[in-house]
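Please look through the sequence and the structure below before reading on. The briefing that follows begins with the chain as a whole and then turns to its parts, topic by topic.

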Amino acid sequence: MDLKSTPARDAILCFLKSSKSPVDVEQIIEYLRSNNLNTNKVTVYRNIERLYKDGEVERLEFGEGKFRYELKKNHHHHLICTGCGKIEEVEGDFLNKMEEEIYRTGGFKVKNHVLEFYGLCRKCQIKN
Ligand SMILES: [Zn+2]
Ligand SMILES: [Zn+2]
């Protein structure tokens, strides 16, 4: 069976395209089922991990004990609300200067970095 064009794979890509924030496997399963694609955890894991290995999706870990996935896109960072779990995205690279400095002072060439912001969204700030 050609994994490259299974209905599950296509539907997962479609779901990721429409999602504004990274999704977990449970959400993917929910989406597939609501689109009448009978599926299970194993199938979803296999497909999403294949997409990850193919370089089509990004795999993220926000300390929740599970992975989240999103389509590869412009460099951005995440704002994770520890109150309600909402995840937003911010565009822009805030570390350019720091990376230049690292190279200038120690010769280390930074190729990539991981930076996520944890805090409270507007709604959760009002609640507290
Ligand atoms: Zn919140
Ligand atoms: Zn993202």
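Read along the sequence, the protein chain follows the pattern α-α-α-β-β-β-β-α-β-α, which amounts to five helices and five strands. The radius of gyration is 18 Å, well over the 14 Å that the globule rule gives for 128 residues, so the chain is more spread out than a compact globule. Please keep in mind that this is a predicted model, and that the values given here are computed from it.

**Overall layout**

- The protein chain is divided into domain 1, covering residues 3–71, and domain 2, covering residues 76–127, and the C-alpha centres of these two domains lie 24 Å apart.
- Along its principal axes, the C-alpha trace of the chain spans about 55 × 45 × 25 Å.
- Of the 128 residues in the chain, 12% count as buried.
- When contacts with a separation of 6 or more are considered, residues 24 or more positions apart account for 50% of them.

**Helix α2 and its surroundings**

- Helix α2 runs over residues 25–34, and within this helix Ile28, Tyr31 and Leu32 are buried. Seen down the axis of α2, these buried residues fall within an arc of 95°, so they line one face of the helix.
- On the face of α2 that is turned away from the buried side, the exposed residues Glu26, Arg33 and Ser34 are found.
- Just after α2, asparagine 36 takes a positive phi of about 60°.

**Isoleucine 48, a buried residue of α3**

- Isoleucine 48 lies in helix α3, and this residue is counted as buried because 24 other C-beta atoms lie within 10 Å, where 20 or more are required.
- If residues up to four places away in sequence are not counted, isoleucine 48 touches Ile12, Val25, Ile28, Val57 and Tyr69.
- The C-alpha atoms of isoleucine 48 and leucine 13 are separated by 8.9 Å, although these two residues are 35 residues apart along the chain.

- Strand β1 (residues 57–61) pairs with strand β2 (residues 67–71) in the antiparallel sense, over five bridges.
- Within this pairing, glutamate 58 has glutamate 70 in β2 as its bridge partner.
- The hairpin has five residues between its strands, and glycine 63 takes a positive phi near 70° there.

**The sheet of β3, β4 and β5**

- Three strands form an open sheet in the order β4-β3-β5, and their pairing is mixed. The strands β4 (87–91) and β5 (116–119) stand at the edges with a single partner strand each, so one side of each is left without a neighbour in the sheet. From one strand to the next, the twist averages 25°.
- Strand β3, made up of residues 76–81, pairs with β4 in the antiparallel sense over five bridges, and histidine 76 stands opposite glutamate 91 in β4.

**Helix α4**

- Helix α4, which covers residues 96–106, is hardly covered, since the count of buried residues among its 11 residues is zero.
- Just after α4, glycine 107 takes a positive phi of about 80°.

Note on methods: Residues numbered from 1 in each chain as written. Chains lettered and ligands numbered in written order. Predicted model: local features only at pLDDT ≥ 70, side-chain atom pairs only at ≥ 80, totals over all residues. Helix = DSSP H or I, 4+ residues; strand = E, 2+ residues; numbered from the N terminus. Arc of directions from axis to C-beta. Pairing = 2+ DSSP bridges. Axes fitted to C-alpha atoms, helices over the stretch in contact; angles between N-to-C directions. Domains from an automatic or database assignment. Contact = placed C-beta atoms within 7 Å. Rg over C-alpha atoms; globule rule 2.2 N^0.38 Å.
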